[in-house]
Amino acid sequence: MTSEQVLAPPDRRRAYWHSALTLAVLMGAGYLARRHWPVLETGAVRLAGADQGWLLVAASAAAMTWLCSALAQQGAVTARLPPGRLVAAQFAASAANHVLPAGLGASAVNLRFLMRCGMSAGRAATALAVKASAGGVVRGALIAVLALSCPGVLRAPSLSGGGVAVVILVVGVAAVLLCSGRCRRVLAAVVADIRAVHARPRRAAALWGGALAFAVLHCAVLIAVTQAVALPLSPAGVALLYLAASSAAALLPTPGGLGSLDAALALALTSAGTPASGAASAVLGYRLLTMWLPLVPGLLVLGLLIRRKAL
C-alpha cells in the first residue's frame with residue numbers, strides 16, 4: 001500500500017506541499033548539524049556513557065506510549081476494536097509517521113485500520129479528530145499546570161510589529177476557516193461523536209486517560225534521559241520544556257518532527273541553562289528511543305498488517 005492509495009487527491013496535493021516544506025526543513029537541519037557537529041559528537045559520547053538504569057526506564061516509557069495511544073483510539077469510538085491489531089496499528093502508525101510528512105502517515109494507517117474494522121471513511125476520520133482533540137486539550141492543560149508550578153522556565157517570545165501582524169493574520173485566517181460551512185459540518189460531527197463517547201463512561205475514561213498517559217509518558221522518556229546524562233534540571237521543568245517544544249515543532253510538518261522537534265528541544269533545554277553538549281545528548285537519547293530504534297520494527301509490522309489485510 002502506497003501513500004497514493006491511502007490519500008485522496010486533495011490530501012495528495014497537500015502532501016506534495018508538505019513534502020517540499022519537509023525537504024527545506026531537513027536541508028536546514030542538515031546544515032545546522034554540520035555546523036554544530038563537534039557539539040553533537042560530544043553529546044553522543046556523553047550519551048554512550050549514560051546511566052543504563054535510567055535509559056532502561058526511558059525505553060520502558062517509550063514502549064508504553066503505543067499502548068496508551070491504542071487506549072485513546074479505543075476511547076474515541078463507541079464500537080469495540082480488536083485489541084491486538086489496535087496496538088499493532090499504533091506501532092505501525094508511529095513508523096509511518098516518520099516516513100511521510102507529519103501526521104499524514106499515522107492518520108493514513110489509523111484511518112485504514114478503522115475502516116477495516118467496519119467504520120465508514122467519515123466516521124473513521126471523525127474518530128481520529130476526536131482523539132486528536134483530546135490530545136490537544138490534555139497538552140494545553142498540562143502546559144498550563146506546569147507553567148504555574150514552574151514559573152520562569154518558559155519565557156514568552158518578544159514580538160515585533162511584524163510578528164504581531166503575522167499572529168493577527170493567522171488568527172484571522174483560522175476564524176474564516178472555522179466559519180466556513182464545511183468546517184462547521186466537520187466540527188458538528190466531531191462534537192456529536194464526543195457526546196456519544198461521553199455517554200459511555202468507560203469509553204470517555206479510555207479517551208482522556210489514554211491521551212493523558214501518552215503525553216506524560218513522552219515527558220517521562222525525556223526526563224529519564226536527562227537523568228541518565230546527569231542534567232541538572234527538575235522533572236517538572238523538563239516536562240514543561242518538552243510539551244512546549246513539541247507543540248511548537250508540530251507547526252512544521254516534517255516526518256516525525258525530524259529536524260524541527262530536535263531543534264526545538266535543543267533550544268528549549270539550552271534556554272533553561274543546559275550546556276549545548278548536554279542538550280544534544282538528551283535530544284539524541286530521546287530520539288533514539290522514540291524514533292530510530294522502533295522505526296524498522298514498526299515498518300515491518302506495517303507491512304505485516306497490510307499483507308494480512310488489517311489495513
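Tutor: One term to start: buried means under 20% relative accessible area, exposed over 50%, and partly exposed in between, with a 1.4 Å probe and protein chains only. This is a predicted model, where local features need pLDDT of at least 70, side-chain atom pairs count only at pLDDT 80 or more, and totals for chains, interfaces and linings use all residues. Residues are numbered from 1 along each chain as its sequence is written, and side-chain values use heavy atoms, leaving out hydrogens and water.

Student: Is threonine 226 buried or exposed?
Tutor: Threonine 226 is buried, because its relative accessible area is 0%.

Student: Where does threonine 226 lie?
Tutor: In helix α10, residues 201-228. Helices here are DSSP runs of H or I with at least four residues, strands are runs of E with at least two, and both are numbered from the N terminus.

Student: What does threonine 226 touch?
Tutor: Leu231, Val238 and Ala282, not counting residues up to four places away in sequence. Contact means heavy atoms within 4.5 Å. Also, a polar atom of the threonine 226 side chain lies 2.6 Å from the backbone oxygen of isoleucine 223.

Student: New topic. Which residues of α11 are buried?
Tutor: Gly237, Val238, Ala239, Leu240, Leu241, Tyr242, Leu243, Ala245, Ser246 and Ala249.

Student: And what covers the buried residues of α11?
Tutor: The cover includes α7 (121-149), α10, α12 (260-271) and α13 (276-307).

Student: How far apart are the end C-alpha atoms of helix α11?
Tutor: They are 21 Å apart. Helix α11 (residues 235-249) has 15 residues and should span 21 Å, so the two values agree. The expected span is 1.5 Å times one less than the number of residues.

Student: How many residues are in the largest nonpolar core?
Tutor: It has 48 residues. Those with the most contacts inside it are Val221, Leu222, Tyr242, Leu265, Leu269 and Tyr286. A nonpolar core is a set of buried Ala, Val, Leu, Ile, Met, Phe, Trp, Tyr and Cys residues joined through side-chain atoms within 4.5 Å.

Student: Which helix gives the largest share of this core?
Tutor: α10, with 11 residues. Leucine 222 touches Val238, Tyr242, Leu265, Ala282 and Tyr286, again leaving out residues up to four places away in sequence. There is also a second, separate core of 20 residues, which includes Val77, Ala89, Leu114 and Leu311.

Student: On to charges. How many salt bridges does a search of the whole structure find?
Tutor: It finds 1. Arginine 287 pairs with aspartate 262, and their closest N and O atoms are 3.1 Å apart. A salt bridge is a side-chain nitrogen of Lys or Arg within 4 Å of a carboxyl oxygen of Asp or Glu.

Student: Which parts does the pair tie together?
Tutor: Arginine 287 lies in helix α13 and aspartate 262 in helix α12, so the pair links parts that are 25 residues apart in sequence. Arginine 287 is buried, with a relative accessible area of 5%.

Student: Last one. How many disulfides does the structure hold?
Tutor: It holds 0. A disulfide is a pair of cysteine sulfur atoms within 2.5 Å.

Student: What is cysteine 68 in contact with?
Tutor: Gly210, Ala213, Phe214 and Leu217, leaving aside neighbours within four places in sequence. Cysteine 68 is found in helix α4, and it counts as buried because its relative accessibility is 11%.

Key:
Polar contact = N/O pair within 3.5 Å; in protein donor to acceptor, adjacent residues only side chain to side chain.
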